[in-house]
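Subject: Structure handover

Hello,

Here is the structure I promised you. Please open it, and then read the notes below with it on screen.

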Amino acid sequence: MKYLSALLIVLLLCPGRATGQDKTRLKVMTYNLRFGELASLKELGEFIKSENPDVVFLQEVDVRTQRKRAPRQNGKNFISELGYYTEMMSLFGKSINYEGGYYGLGILSKYPFSSSRRMDLPMVEAGREQRSLLTATVVLDNGEEITVASTHLDLKPEIRLVQAEAINEMLRKSSQPVLLGGDFNARPQSPEIAQGMSDWQRSCPDDVYTIPAKAPKSKIDYLFSFPRNRWKVIQSYVPEVFLSDHRPVVAVIELIK
């Protein structure tokens with residue numbers, strides 16, 4: 001009897017498994033990698049794997065660049081190697097060409113992708129780095145499909161606000177439940193978060209900081225879900241890890257039919 005009780009508790013807490021006929025639990029993560037300047041891809045991959053997420057949203061992902069600030073990563077395909085180290089399926093979206101290669105966003109998933117799309121975000125000022133949104137449809141084991149998306153917004157508040165509006169316009173049209181993760185370069189009290197993302201459910205408290213990694217003083221990394229009535233946050237936290245200048249955000253959330 002004790003064994004059966006313990007087994008039931010494990011099954012209920014296990015991410016990525018159905019917790020009943022109308023609920024599915026997922027563990028998700030968002031992580032800005034700082035283009036691998038502070039850690040090897042193996043270290044980053046092993047950390048991600050140790051957290052055992054179902055879906056990971058990545059920012060500052062290099063593919064075959066010759067970046068002077070991260071010479072040990074030169075020529076490497078970040079998303080393919082991280083897929084290998086984590087044993088997850090991988091997807092890359094280019095934001096810009098950079099130093100002989102590409103720089104942009106990534107998504108890792110335990111579940112297969114059925115479609116994907118990369119979209120430019122609006123840049124209302126000439127000469128700024130192009131920002132983008134990488135989206136995909138993921139098929140869960142029960143056959144249900146969800147939309148997942150990774151993004152990295154501009155440094156200027158007035159541009160971020162326009163980009164947040166564009167993300168809402170793009171993702172809220174989805175007929176599927178949506179998970180969004182990324183580096184928004186904005187604090188919770190900023191208009192682009194407080195108003196721009198007000199219809200979304202935030203998966204981690206605003207006073208749980210993400211940057212700088214060794215002594216975090218502010219929060220600019222977020223996990224969002226939409227619509228609110230389809231998602232329930234079970235647990236969220238920010239791991240104390242120093243493989244980037246950001247700390248990742250992790251949440252266990254429940255998809256409700």
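First, a term: two strands pair if DSSP finds at least two bridges between them. Keep in mind that this is a predicted model.

Now look at strand 7 (residues 132-139) and strand 8 (residues 145-152). They run antiparallel, joined by seven bridges.

**The core.** The largest nonpolar core holds 23 residues. Which residues have the most contacts inside it? They are I146, V148 and L179. Strand 13 (249-256) is among the elements that give two or more residues. Strand 13 gives the most, with four residues. Beyond its neighbours within four places in sequence, I146 touches several residues, including L26, A136, W231 and L255.

**Helix 3.** In helix 3 (residues 78-86), the residues F78, I79, L82, G83 and T86 are buried. They cover an arc of only 130 degrees around the axis, so they sit on the same side of helix 3. These buried residues pack against helix 2 (41-51), strand 3, strand 4 (89-98) and strand 5. E87 follows helix 3, and its phi is positive, near 60 degrees.

Best wishes

Key
Residues are numbered from 1 along each chain as its sequence is written. This is a predicted model: local features need pLDDT of at least 70, side-chain atom pairs count only at pLDDT 80 or more; totals for chains, interfaces and linings use all residues. Side-chain values use heavy atoms; hydrogens and water are left out. A nonpolar core is a set of buried Ala, Val, Leu, Ile, Met, Phe, Trp, Tyr and Cys residues joined through side-chain atoms within 4.5 Å. Buried means under 20% relative accessible area, exposed over 50%, partly exposed in between (1.4 Å probe, protein chains only). Contact means heavy atoms within 4.5 Å. The arc is that of the directions from the helix axis to the C-beta atoms.
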